[in-house]
Amino acid sequence: MKRTYIENLKDFVNEEVEIRGWLYNKRSSGSIKFLIVRDGTGFVQCVMSKNDIKNEIFEMDIPYESSIIVRGIVREDKRAPGGYEILLKDLEIVSICENYPIPKVREENIPNVDVLMPIRHLWIRGRKQWAILRIRSEIEQAIHDFFYNKGFVRTDSPILTPNSVEGTTTLFEIDYFGRPAYLSQSGQLYVEATMMSFGKVYCFGPTFRAEKSKTRKHLTEFWMVEPEVAYATLEDIIDLAEEFVEYIVQRVLERRIEELKILERDLKELENVKRPFYRITYENAIEILKSKGFNIKYGDDFGADEERGIYEEFDKPVSIMFYPKEIKPFY
């Protein structure tokens, strides 16, 4: 018998395997019980028949999230989560979980975020949070692979900095042994320097903005990737950005399709993120917005509503070029 992971069950159809994980969910139907087991790589349905397993094991009422080891035969079944299930031959309890605080209900009935955040360490065991973090991990690896394969050098910028990058109103200030220091808003100033040594560089790490807001577009901490290329033209940078976006999206579609399905993402919309993308001028964007009833004139900048009004006109990503220099900083 071979110990394996749920994500590899497709390689062991009709073979006996061992999975070490946790009991995610369960239900019963007379002489058959269905256990949903997770091991970090995925979720699998384990079918426990009273005729195929010891009676003392079948009669056990195992609490949710208990640590268990299951052994059985892998069978392909398109109706099962992930397309495969295990016909149980044996089950071993490693540790019992008592009083698990998150109810095992449909995702839409789970308590709200304010209730779940204090127990975030448990919340991430749920399918949707698991899927989000798996996709995030894939995106991060894809970012590094993309730039590495293009000959970029990764140079890490410091998190504690002596000055601002994006303006002083959103700085987190700290006392650095009697001197002021700040949590980094961007690694841009550092990669501009390392670019002069390596030609093509990028940094990827945490950045901080002291903006007290709960919108999706304002986070006090987030991770940002910032490339710099010596002698690059505007067209070079747009080409790089478009290739980057296409690569990341298609990589996730290729390797994390099951996670996207758990999140109920529109796969057709993502599948369409392939070059060529659209490129329009600032003047074109103003005309589009005016035609849609926006009160806007040449020289105005675009906010979230204007950006939404523009991209709704296209079925792929769109770049807006040639802004008036008066409304865009140069640094």
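This is a predicted model: local features need pLDDT of at least 70, side-chain atom pairs count only at pLDDT 80 or more; totals for chains, interfaces and linings use all residues.
Residues are numbered from 1 along each chain as its sequence is written, and side-chain values use heavy atoms, with hydrogens and water left out.

**Entry 1: threonine 170**

I located threonine 170 in the loop between strand S8 (160–161) and strand S9 (173–176). Helices (H or I, at least four residues) and strands (E, at least two) are DSSP runs, numbered from the N terminus. I then found a polar contact of 2.9 Å between the side chains of threonine 170 and glutamine 185. Such a contact is a pair of N or O atoms within 3.5 Å; within protein, one must be able to donate a hydrogen and the other to accept it, and residues adjacent in sequence count only if both atoms are side-chain atoms. Setting aside neighbours within four places in sequence, I list Gln185, Phe208, Arg209, Ala210 and Glu211 as in contact with threonine 170, where contact means heavy atoms within 4.5 Å.

**Entry 2: domains**

I read three domains from the domain assignment of the protein chain: domain 1 (2–95), domain 2 (129–270) and domain 3 (277–330). These bounds come from an automatic or database domain assignment. The C-alpha centres of domain 1 and domain 3 are 53 Å apart.

**Entry 3: nonpolar cores**

Which residues touch the most other members of the largest nonpolar core? I found Leu9, Ile86, Leu88 and Leu91, in a core of 22 residues. Strands S2 (16–29), S3 (32–38), S4 (43–49), S5 (67–76) and S6 (84–95) and helix H1 (55–58) each supply at least two residues of this core, and S6 gives the most, with 4 residues. A nonpolar core is a set of buried Ala, Val, Leu, Ile, Met, Phe, Trp, Tyr and Cys residues joined through side-chain atoms within 4.5 Å. Apart from this core lies another, of 10 residues, among them Ala142, Phe152, Phe204 and Ile248.

**Entry 4: helices H9 and H10**

I found that the axes of helix H9 (residues 282–291) and helix H10 (residues 304–311) come within 9 Å and cross at roughly 90°. Axes are lines fitted to C-alpha atoms, for helices over the stretch in contact, and angles run from 0 to 180 degrees between N-to-C directions. H9 and H10 are therefore roughly perpendicular to each other; this term covers 65 to 115 degrees, while angles under 35 count as roughly parallel, over 145 as roughly antiparallel and the rest as oblique. Ala285, Ile288 and Leu289 in H9 meet Glu306, Gly309 and Ile310 in H10.

**Entry 5: backbone points**

Most residues other than glycine have a negative phi, and most peptide bonds are trans. I noted a cis peptide bond from arginine 275 to proline 276, with omega near 5°. Proline 276 is in the loop between helix H8 (267–271) and strand S13 (278–281). Asparagine 14 has a positive phi, near 70°, and is exposed, with a relative accessible area of 61%. Phenylalanine 322 has a positive phi near 65° and counts as exposed at 52% relative accessibility.

Definitions and conventions: Buried means under 20% relative accessible area, exposed over 50%, partly exposed in between (1.4 Å probe, protein chains only).
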